Amino acid sequence: MWFRKTYITTADNLSKYKVIISKADGAAGKIGNPIPARVLGRVEIGKPNLAYTDTFIGIGCFDTLDEAEACMKYVKSRFARTMLCTKKVTQDNSKELWANVPLQDFTASSDIDWSCSISEIDRQLYSKYNLSDEDVKFIEAMIKPMDWI
């Protein structure tokens, strides 16, 4: 559907790439319910000039598709979703719940190789944040992979 631009409140990322996630998802909850937890629903890349309603949250304001794809892989990582779960206890997915998810550099100069698979990105993140073998086993057992979305 098309709308006149005058009907849209311009967001900072309207003319940029962004990652879009549903603000609530009935099947996505918290760690331990169910095991493994899904945590998030579908994750999509929003192209420039794509608007969305308040039923979604947008992450990022990227100049390039590569940066948006890197961010999407990060959001899908078990590491990022575990950090999200430190505050998330229901299906709600408000911006405030992302406070414990560390910011990353999604450019080519990042210390993470975003061209890798999500599982390899997880391994890089586990190493970057010095997670113990016990921490990694917990995350891998409790958080469902999102390679399928």
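Before reading the sheet I noted that two strands pair if DSSP finds at least two bridges between them, and that strands (E, at least two residues) and helices (H or I, at least four) are DSSP runs numbered from the N terminus. This is a predicted model, in which local features need pLDDT of at least 70, side-chain atom pairs count only at pLDDT 80 or more, and totals for chains, interfaces and linings use all residues. Residues are numbered from 1 along each chain as its sequence is written, and side-chain values use heavy atoms, with hydrogens and water left out.

**Entry 1, the sheet.** I looked up the partners of strand 1 (residues 17-22) and found strand 2 (residues 43-46) joined to it in the antiparallel sense over four bridges, with Val43 in strand 2 as the bridge partner of Ile21. Strand 3 (residues 56-62) also runs antiparallel to strand 1, through five bridges, and there Ile59 is the bridge partner of Val19. I then checked burial (under 20% relative accessible area with a 1.4 Å probe, protein chains only; exposed is over 50%, partly exposed in between). Five of the six residues of strand 1 are buried, so the strand is largely enclosed by the rest of the structure.

I counted ring pairs with centres within 6.5 Å, taking the six-membered ring of Trp, and called planes under 30 degrees apart stacked, over 60 edge-to-face and the rest tilted. The structure holds five such aromatic pairs. One of them is edge-to-face, because the rings of Tyr74 and Trp114 have planes at 75 degrees, with centres 5.9 Å apart. This pair links distant parts of the chain, 40 residues apart, since Tyr74 lies in helix 1 (residues 65-76) and Trp114 in the loop between helix 2 (78-85) and helix 3 (118-128). Phe106 and Trp114 have ring centres 5.1 Å apart and planes at 50 degrees, so I recorded that pair as tilted. Phe106 counts as buried at 13% relative accessibility, and Trp114 is buried at 8%. Phe62, Tyr74, Phe106 and Trp114 form one aromatic cluster.

Which residues is Leu84 in contact with, leaving aside its neighbours within four places in sequence? With contact taken as heavy atoms within 4.5 Å, I listed Val39, Leu40, Asn93, Leu97, Trp98 and Val101. Leu84 is found in helix 2 and counts as buried, at 0% relative accessibility. From Leu84 to Trp98 I noted 14 residues in sequence and 5.4 Å in space, C-alpha to C-alpha.
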